[in-house]
Amino acid sequence: MANPEVTLKPGREHTLRRGHPWVFATSIAREPQGLAPGASVDVLDATGAWLARGAWSPASQIRVRAWTWQRDEAIDAAFFRRRLAAALRLRETLGLGGHEGACRVLNAEGDGLPGVVLDRYGPHLVAQFLSAGAEAFREEIARAALEATACRGVYERSDVEVRAKEGLPQRAGALLGDEPPPEITIREGELRLLVDVRNGHKTGLYLDQRDNRAAVAPFVRGARVLNVFCYTGGFGLAAGVAGASQVTQLDQSAPALELARRNAELNGTAARTEHVQADAFAKLREWRDEGRRFDLIVLDPPKFVASAAQLDSARRGYKDINLLGFKLLAPGGVLCTFSCSGHMQPEMFRETVAEAAADARVQAQVLRQLGQAPDHPFGLHYPEGFYLKGLMLRVM
Ligand code: SAH
């Protein structure tokens, strides 16, 4: 296994040795010239000792992403089959997937396959290849995934901006096997959800919020529920099915709300649900001024922080929306508030929400600290993989 070699500068081997899979360009002393993107390279420390084998990405600041820390492990179709089998065992243990369910089968770095995202929606798989290494092996990965899951086809949704950092164009379309239908109906607990894998956000659904949607159930019987940034309705549908007296779904996206409406029909909650298309900040302010109140509010905004530089403005956004949330809560009400920005650390998020509570002059107790569902695991040495944070709060 003579791969081209990448040699690190002295002292730059620690995180890689511990299991963080990224090697930054600034840590490299000597690198191969003219090597194809995605080719396998061996990474050595400054003394020449072997550290890891990974994928070469000449266009990216993350110059290598490690596939393996085992020197005798080749990166070939069998390697991807092994990683996939291990990932599938976890999902089976979790009781996820199957021909009616939906789950994340491969969570990239978190499942030992940097840049590879694979989601399952009933009998269809949807893949995203986000790095040069993932791109180089896309066909092997798709074939292995189809075999291992006995699904009907793999659809690709590599139409994401991060690909540009790897020098890759965006791409979407059928990759292997049957094309998915325009809509797939999946089950999530008692819910049934329509998914448009071609045009939906991410690969169609926010699978990372599955457990948190279920977590609202105990608090909603007879409650007035407001689901802000509702997308296709997830939290509001869960609340409706669990006995909310009234559900308000709010999003600015018309196609998302259209699916939310049809999901409400499908789950028998339409008569108790209103759908509002508006900018959340403006609408919540309006409702605050009108004195409207809710017993449970979900705030699940999109990523406000794309880079560390935007952190300050993002903090203001989070504080603003949470302040409005607190003001709209009835006494004893519950706020489920989230941040999916990786750059927003959990402690900073808690602090930001605490500032909002202080400005709203409310005391609140933390009922639960929430995160991404366990089919979105992250490496112990790869904290960047923990991106979804949430707090379930009750005002006192
Ligand atoms: N909670 C959802 C996922 C939310 S994703 C679920 O469980 O499925 C974030 C959503 O916020 C998207 O649907 C997007 O259309 C919406 N959005 C983004 N900015 C918005 C704004 N300013 N006002 C209202 N909705 C917004």
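1. The model is predicted, so local features need pLDDT of at least 70 and side-chain atom pairs count only at pLDDT 80 or more, while totals for chains, interfaces and linings use all residues. Residues are numbered from 1 along each chain as its sequence is written, and side-chain values use heavy atoms, leaving out hydrogens and water.

2. The largest nonpolar core has 35 residues, of which Y121, I186, V220 and V225 touch the most other members. Such a core is a set of buried Ala, Val, Leu, Ile, Met, Phe, Trp, Tyr and Cys residues joined through side-chain atoms within 4.5 Å; buried means under 20% relative accessible area (1.4 Å probe, protein chains only).

3. At least two residues of this core come from each of β12 (184-188), β13 (191-195), α6 (234-241), β17 (294-299) and β18 (329-339). Helices (H or I, at least four residues) and strands (E, at least two) are DSSP runs, numbered from the N terminus. The most is given by α6, with four residues.

4. Because domain 2 (77-177) and domain 3 (206-395) both give residues to this core, it lies between them. The domain bounds come from an automatic or database domain assignment.

5. A second, separate core of 33 residues includes I297, F326, F349 and A360.

6. Helix α4 (residues 138-149) has 12 residues. Its buried residues are R138, I141, A142, A144, A145, L146 and T149. These pack against α2 (77-93), β8 (116-121), β9 (124-129), α3 (132-136), β10 (153-158) and β11 (171-177), where contact means heavy atoms within 4.5 Å. Just after α4, A150 takes a positive phi of about 55 degrees.

Terms used: Buried < 20%, exposed > 50% of the residue type's maximum accessible area, 1.4 Å probe, protein only. Expected span 1.5 Å × (residues − 1).
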